[in-house]
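This report describes a two-chain model for a reader who is new to protein structure. Please keep the sequence and the three-dimensional view at hand while reading.

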Amino acid sequence: MGDARGHLDLLLLAALEKSPAHGYAIIERLRARSDGTFDFPEGTMYPALHRLEREGLLASKWMENAPRRRRVYSLTRRGQTALGREAADWRRLSRAIEAVMAGGA
Amino acid sequence: MLPRAPRLRSRILAETQDHLREAARELGPEAAVERFGAPRALARQFAPAYARFYARLSAYAALVAGAGFVTLLYPIPENVLPPAPWPEGGKPDYLAWKQHAVAAVFLVAIGACAVALVSLRRHVAVSLLATLTALASLSVCAVLGAVVSFQWAEAVPGTPGWLAWLSLGTLLPIGLAATPLARAWTAARQLR
């Protein structure tokens, strides 16, 4: 899924838009919402999550959920803005591609 | 496969363990591991975080080495050196130019430290080059400072001979700062 990897940042931000989640839950959301289409190596998400956090688009903290603690990620205000901007760019691109495909049919 | 940066490493491992436990509950352990991905490839993806961590460590270590150099080689000589036999402004040229050179190269080192710290966030490669410049400059200061100390001891009777060794001793913290620099460089190379 090379296309999915190229837009991984957008997918991660979108997955966290409604509520915070830990890593495995984020993957489950992406899989459920895409009906199984997005199915990349799950570990590749973590470097991206760390990078988005460094860039200030995500925040994370340890949550002490018995029996173990887990890292939960949430969208920051900057992340909300970035998500809005990336989503708009994606829709514009998607419409343009659809238009070209329709024209060639 | 993960370099030694304690907090970052423990966080990565904790998140990985948590993820695999959750996945194993649904899919079984083998499928969970397979879906997680190849460990080496994943460890390589953390290279930017590690490059930045070690670059920050080496930049601060270079700053501490520079502070150590000043601390050891200014107040100590000032308090142990016997009076010079030459009048004010009459210092021999072969001592004077070396002292000026040490001061100038030290300023280069401090400037490079500043560049290293400022460029850490956005330009790790620039930060690494600046730290390398700082450490190289401090090494020049240490060696030149030792030469000055040795020649000063010959020119001024009663000057303790250990001053030269003190100057060379500052190469130790400089060498210690070089270790995280090398790790940062190795991690940064994986980014290409």
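## Report on the predicted model

B:A43 lies in helix α3 (residues 39-45) of chain B, where helices (H or I, at least four residues) and strands (E, at least two) are DSSP runs, numbered from the N terminus. The model is predicted, and local features need pLDDT of at least 70, side-chain atom pairs count only at pLDDT 80 or more, and totals for chains, interfaces and linings use all residues. Residues are numbered from 1 along each chain as its sequence is written, while chains are lettered from A and ligands numbered from 1 in the order in which they are written.

B:A43 counts as partly exposed because it has 17 C-beta neighbours inside 10 Å. A residue is buried if 20 or more other C-beta atoms lie within 10 Å of its own, exposed if 12 or fewer, and partly exposed in between, with C-beta atoms placed from the backbone. From C-alpha to C-alpha, B:A43 is 9.5 Å in space from B:I12, although the two are 31 residues apart in sequence.

### The two chains

The secondary structure of chain A consists of 5 helices and 3 strands, in the order α-α-β-α-α-β-β-α from the N terminus. Chain B has 9 helices and 0 strands.

| Chain | Number of residues | Share counted as buried |
|---|---|---|
| Chain A | 105 residues | 26% |
| Chain B | 192 residues | 31% |

Two residues are in contact if their C-beta atoms, placed from the backbone, lie within 7 Å. Among the contacts in chain A with a separation of 6 or more, 51% are between residues 24 or more positions apart. In chain B, 78% of the contacts between residues at least 6 apart in sequence join residues at least 24 apart.

### Where the chains meet

Chain A supplies 14 residues to the contact between the chains, and chain B supplies 15 residues. On the side of chain A that touches chain B, the elements giving two or more residues are α3 (23-33), α4 (45-54) and β3 (68-75). Of these, α4(A) gives the most, with 4 residues. By class, this side of chain A has 4 nonpolar, 5 polar and 5 charged residues. Here Ala, Val, Leu, Ile, Met, Phe, Trp, Tyr, Cys and Pro count as nonpolar, Asp, Glu, Lys and Arg as charged, and the others, Gly among them, as polar.

### Helix α1 of chain B

Helix α1 (residues 6-27) of chain B has 22 residues and should span 32 Å at 1.5 Å a residue, which agrees with the 31 Å between its end C-alpha atoms. The expected span is 1.5 Å times one less than the number of residues in the helix. Which residues of α1(B) are buried? They are B:I12, B:E15, B:H19 and B:A23. Viewed down the axis of α1(B), the buried residues fall within an arc of 70 degrees, so they line one face of the helix; the arc is that of the directions from the helix axis to the C-beta atoms. An α-helix has 3.6 residues a turn, so residues three or four places apart point the same way.

The buried residues of α1(B) pack against α3, α4 and β3 of chain A, together with α2 (29-36) of chain B. On the other side of α1(B), the exposed residues are B:P6, B:R7, B:S10, B:L13, B:Q17 and B:R25. After α1(B) comes B:G28, with a positive phi near 95 degrees.

### The nonpolar core

A nonpolar core is a set of buried Ala, Val, Leu, Ile, Met, Phe, Trp, Tyr and Cys residues joined through C-beta atoms within 7 Å. The largest such core has 59 residues, and those with the most contacts inside it are A:L12, B:A62, B:A134 and B:L138. Helix α4 (residues 47-73) of chain B provides the largest share of this core, 12 residues. The core lies between domain 1 (1-45) and domain 2 (53-189) of chain B, because both give residues to it; the domain bounds come from an automatic or database domain assignment. Not counting residues up to four places away in sequence, B:A62 touches B:C113, B:A116, B:T131, B:A134, B:L135 and B:A177.

### Two further residues

B:L128 is found in helix α7 (residues 124-155) of chain B. B:L128 is buried, because 24 other C-beta atoms lie within 10 Å. Leaving aside neighbours within four places in sequence, B:L128 is in contact with B:A55, B:L181, B:A184, B:W185 and B:A188.

A:D35 lies in the loop between α3 and α4 of chain A. A:D35 counts as exposed, because it has 7 C-beta neighbours inside 10 Å. The phi of A:D35 is near 60 degrees, a positive value in a residue other than glycine. Most residues other than glycine have a negative phi.
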